[in-house]
Amino acid sequence: GTERGTALCGALDGAPAVLLLRTRDLFSLPFPLTLPVVASLSLQAALRGWRLLLLPAAFPLARRPPPSAHARWKAQNSLDERRRALMERFGLKLEVLPDGARRWHGCRKDTPRCFGTVHSQTPQYLAAGRWTPPCCLRALRATARHVVAELEAAGVRYWLEGGSLLGAVRLGDIIPWDYDVDLGLYREDIPKCRWLAAVAAAGRPVEDPEGFLWEKAAEGEFFRVHFSRSNRLHVDLWPFYARPDGVMTKDTWLGHRQDVEFPESFLVPLVPVAFAGVAAKAPNDPRAFLELKFGPGAIENPEYPNPEVRRL
């Protein structure tokens with residue numbers, strides 16, 4: 001809540017509170033008495049557009065002896081544990097605190113990602129009517145920035161592909177319901193990147209010093225870079241090569257709508273575009289490139305990866 005323009009939402013944490021609401025409203029909530037009650041009710045009320053008026057000094061507590069340092073530590077630990085359990089139960093991955101700091105509850109380097117195997121290009125969160133969890137987007141951005149930096153440093157010619165290029169043109173970022181990042185690259189440049197060369201030579205995954213896992217994809221002739229061994233959020237690297245007629249092609253086709261050949265002239269030259277916090281390379285006519293892949297109006301008409309399963 002707010003009072004005279006001053007944010008007071010943080011005052012709900014651990015504070016004495018009196019909530020006045022109708023019984024039928026309370027028990028219409030899916031989690032009416034989940035601990036910590038005030039935080040739980042505040043979140044559920046916000047989703048329904050209910051407004052809460054916070055009166056910090058309206059109901060003072062009776063005088064009590066001050067708690068010991070150990071008692072304060074124990075109470076705070078208990079509150080933190082209940083809050084973490086509440087966030088997990090509600091499926092909330094990120095809290096923005098009153099001071100602007102962020103508290104993450106989702107996936108990390110040492111945990112699996114927040115969704116399972118993607119079926120029909122539709123991840124579980126889309127089927128549930130949600131978009132990509134913010135922790136997964138954070139991991140995807142970090143992986144994309146890392147891969148772009150490695151390719152740039154090695155002098156590999158690469159470019160944003162498919163939905164990743166769509167996101168760059170629309171938002172300068174990953175599409176908010178996407179689950180991976182796609183980059184094309186020249187097949188003959190693979191030996192320039194030490195990690196791709198190591199994967200090709202060893203025939204098995206290679207973990208770099210920052211914990212990103214480079215491997216050859218099981219589905220065909222392309223590469224995949226994971227956020228970590230545990231967290232399989234990833235960037236796909238698609239090796240293309242030019243045919244004698246000047247058309248770029250590749251050896252693995254997965255049947256996706258955007259999986260088509262295109263003239264090499266789109267890549268000469270490559271141009272920078274903003275993407276996930278860095279300047280990445282893109283075809284020199286992104287609109288024409290995207291409309292060749294997705295059809296006319298692809299930029300202005302967003303759609304989920306498989307509209308037959310779930311439409312935007």
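This is a predicted model: local features need pLDDT of at least 70, side-chain atom pairs count only at pLDDT 80 or more; totals for chains, interfaces and linings use all residues.
Residues are numbered from 1 along each chain as its sequence is written, and side-chain values use heavy atoms, with hydrogens and water left out.

Me: Why is T111 called buried?
Reply: Buried means under 20% relative accessible area, with a 1.4 Å probe and protein chains only; T111 has a relative accessible area of 16%, and is therefore buried.

Me: What makes the approach of T111 to the backbone nitrogen of R108 a polar contact?
Reply: A polar contact is a pair of N or O atoms within 3.5 Å, in which, within protein, one must be able to donate a hydrogen and the other to accept it, and residues adjacent in sequence count only if both atoms are side-chain atoms. A polar atom of the T111 side chain lies 2.8 Å from that nitrogen.

Me: How do you know that R113 has no salt bridge?
Reply: A salt bridge needs a side-chain nitrogen of Lys or Arg within 4 Å of a carboxyl oxygen of Asp or Glu, whereas for the buried R113 the nearest side chain of opposite charge, D180, is 7.7 Å away.

Me: Which backbone oxygens does the side chain of R113 reach?
Reply: The side chain of R113 has a polar atom 2.9 Å from the backbone oxygen of F115, and reaches that of G116 at 2.8 Å.

Methods. Buried means under 20% relative accessible area, exposed over 50%, partly exposed in between (1.4 Å probe, protein chains only). Lys and Arg count as positive and Asp and Glu as negative; His and the chain ends are not counted.
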